[in-house]
Amino acid sequence: MPTFSVNMKHTAESCPMFNTEVKKKFKEAVGKREETAKKLGIKVLSAWTSTMEHLTFYIVEAPSQQAVEDYFKEIGFAFWNIIKIRQVKLVEDVVRGIEKS
């Protein structure tokens, strides 16, 4: 299954830590993550944040980029974040491919 890097950024004004409307949506979103991932065939491999920079990073396996987009829309993260999705692969896989050529 393809692997995707998902990078999200929001402003301090739209941060769930400071904005009560977004905080409410964030609390709703957190509860939907597992169910929505299962429904869309997504496996979250890791999720990280740099809170003071208002950045969040996910690494997910998914059947398609559209499934990843749908996941972050359905759980509500697209409401307060600018989201960039990139299909990625392990550096080791690229190195092996170069070594074989």
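Author: A residue is called buried under 20% relative accessible area, exposed over 50%, and partly exposed in between, with a 1.4 Å probe and protein chains only. Here, buried residues make up 31% of the 101 residues in the protein chain. The model is a predicted one, in which local features need pLDDT of at least 70 and side-chain atom pairs count only at pLDDT 80 or more, while totals for chains, interfaces and linings use all residues. Residues are numbered from 1 along each chain as its sequence is written, and side-chain values use heavy atoms, with hydrogens and water left out.

Reader: Which pattern does the protein chain follow along the sequence?

Author: Helices (H or I, at least four residues) and strands (E, at least two) are DSSP runs, numbered from the N terminus. The protein chain has three helices and four strands, in the pattern β-α-β-β-α-β-α.

Reader: At what angle do the axes of α1 and α2 cross?

Author: Axes are lines fitted to C-alpha atoms, for helices over the stretch in contact, and angles run from 0 to 180 degrees between N-to-C directions. Angles under 35 degrees count as roughly parallel, over 145 as roughly antiparallel, 65 to 115 as roughly perpendicular and the rest as oblique. The axes of α1 (residues 20-40) and α2 (residues 65-74) come within 10 Å and cross at roughly 155°; the two helices are therefore roughly antiparallel. Contact means heavy atoms within 4.5 Å, and α1 contributes Lys32, Arg33, Thr36, Ala37, Lys39 and Leu40, whereas α2 contributes Ala67, Asp70, Tyr71 and Glu74.

Reader: Which residues have the most contacts inside the largest nonpolar core?

Author: A nonpolar core is a set of buried Ala, Val, Leu, Ile, Met, Phe, Trp, Tyr and Cys residues joined through side-chain atoms within 4.5 Å. The largest has 19 residues, and Val6, Ile42, Val68, Phe72 and Phe77 have the most contacts inside it. At least two residues of this core come from each of β1 (3-9), α1, β3 and α2. Leaving aside neighbours within four places in sequence, Phe77 touches Met8, Phe26, Ala29, Arg33, Tyr58, Phe72 and Ile83.

Reader: What is the phi of His54, and is His54 buried or exposed?

Author: Most residues other than glycine have a negative phi. His54 has a positive phi, near 60°, and is placed in the loop between β2 (43-50) and β3 (55-61). His54 is buried because its relative accessible area is 14%. Val91, in helix α3 (residues 91-100), counts as exposed because its relative accessibility is 59%.
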